[in-house]
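Please walk through this model step by step, beginning with the strands and ending with the contacts between side chains.

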Amino acid sequence: MIKLIAFDMDGTFLNSQNDYDRLRFDKIFKIAKEKGIRLVANSGNQYQQIASFFEAYLEEMVIVSEIGAQIHEKGQLIDCHYFEDEVVADILQVLAQKGLLNRCSVSGLEGLYFEKDAAPDFKSTITKHNFAWKEIDSLLELPEDQVTILTLDVPGEDIPALIDQINHVGRGQVKAVSSGFHFIDIVLPDVNKGTAMAYLGQKWGIKPEEMMAFGDSDNDLEMLEYVHYSYAMEGSPASVLQAATYRAASNDDSGVLQIMEDFIH
């Protein structure tokens with residue numbers, strides 16, 4: 001019996017218009033609630049941004065943000081992980097040497113930071129996915145905060161090579177992963193969407209074989225590998241297709257809602 005359903009947001013739950021079929025979801029949500037099935041939005045995005053999509057359901061949903069770094073239940077932070085300051089400084093120095101700070105953002109508990117002279121297209125994208133943000137003169141002089149994730153948007157770069165370089169510099173204290181759409185997320189090596197699922201499973205007494213999850217990019221791999229009913233969205237890269245047991249229609253065809261309907265009715 002399914003007791004928990006988790007889904008990534010961009011490229012998975014949300015369509016190309018950055019929205020979802022709200023009437024259809026509302027019907028599914030009410031049935032899931034009646035049957036005691038917990039719904040979890042598990043994304044790399046900021047909590048405030050994710051929560052904006054589910055304002056009517058926040059008392060019943062859990063939101064995992066920043067690839068497992070923060071978990072909110074009923075709007076309250078119940079679990080949090082963050083980097084040591086020295087690790088963040090080392091990574092930012094490397095990105096500065098490569099000229100990538102203008103396409104980098106740093107997320108903390110207080111908000112997201114990026115440079116005032118960041119690339120305009122990067123600013124547009126990052127502010128779309130983060131509601132609490134601040135422009136600063138330099139990422140090398142961050143405000144006092146606890147950093148949970150760094151994000152790069154690097155079109156035209158050799159993504160696998162850059163990931164390898166960041167991981168080498170991080171010396172096991174960071175993990176860089178592709179999150180799709182030429183984005184790279186730099187996260188804690190032992191914190192991910194899968195560890196968030198394990199945390200919630202232990203908290204609620206739900207086993208992996210009682211969980212379902214949907215994803216479309218490499219930062220979903222641990223979540224898909226952890227749960228029994230794992231779905232890769234149509235068009236996902238080979239790594240995701242290999243990690244998932246099943247397939248779902250694309251986000252533009254409401255693939256997540258299709259599968260949820262089949263299971264809860």
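A residue is called buried when its relative accessible area is under 20%, exposed when that area is over 50%, and partly exposed in between, with a 1.4 Å probe and protein chains only. Helices (H or I, at least four residues) and strands (E, at least two) are DSSP runs numbered from the N terminus. The model is predicted, so local features need pLDDT of at least 70 and side-chain atom pairs count only at pLDDT 80 or more, while totals for chains, interfaces and linings use all residues. Residues are numbered from 1 along each chain as its sequence is written, and side-chain values use heavy atoms, with hydrogens and water left out.

Strands of a sheet pair through backbone hydrogen bonds, either parallel or antiparallel. Here two strands count as paired if DSSP finds at least two bridges between them. Strand 3 pairs with strand 2 (residues 38–42) in the parallel sense over three bridges, and Val62 in strand 3 is the bridge partner of Val40. Strand 3 and strand 4 (residues 70–73) run antiparallel and are joined by four bridges, with Gln70 in strand 4 as the bridge partner of Ser65. The hairpin of these two strands has four residues between them, and Glu66 takes a positive phi near 55 degrees there.

Strand 1 (residues 4–7) and strand 12 (residues 211–215) run parallel and are joined by four bridges; Met212 in strand 12 is the bridge partner of Ile5.

Next come the helices. Axes are lines fitted to C-alpha atoms, for helices over the stretch in contact, and angles run from 0 to 180 degrees between N-to-C directions. The axes of helix 3 (residues 85–97) and helix 5 (residues 159–170) come within 10 Å and cross at roughly 140 degrees. That makes helix 3 oblique to helix 5, given that angles under 35 degrees count as roughly parallel, over 145 as roughly antiparallel, 65 to 115 as roughly perpendicular and the rest as oblique.

The aromatic side chains remain. Rings of Phe, Tyr and Trp (its six-membered ring) pair if their centres lie within 6.5 Å; planes under 30 degrees apart count as stacked, over 60 as edge-to-face and the rest as tilted. By this rule there are 16 aromatic pairs. The ring centres of Phe13 and Tyr20 are 4.8 Å apart and their planes are at 45 degrees, so this pair is tilted. Phe13 is buried at 5% relative accessible area, and Tyr20 is buried at 8%. Phe25 and Phe54 also form a tilted pair, with 5.7 Å centre to centre and 50 degrees between the planes. Phe25 lies in helix 1 (residues 22–34) and Phe54 in the loop between helix 2 (47–51) and strand 3 (62–65), so the pair ties together parts that are 29 residues apart in sequence. Ring pairs link Phe7, Phe13, Tyr20, Phe25, Phe29, Phe54 and Tyr57 into a cluster.
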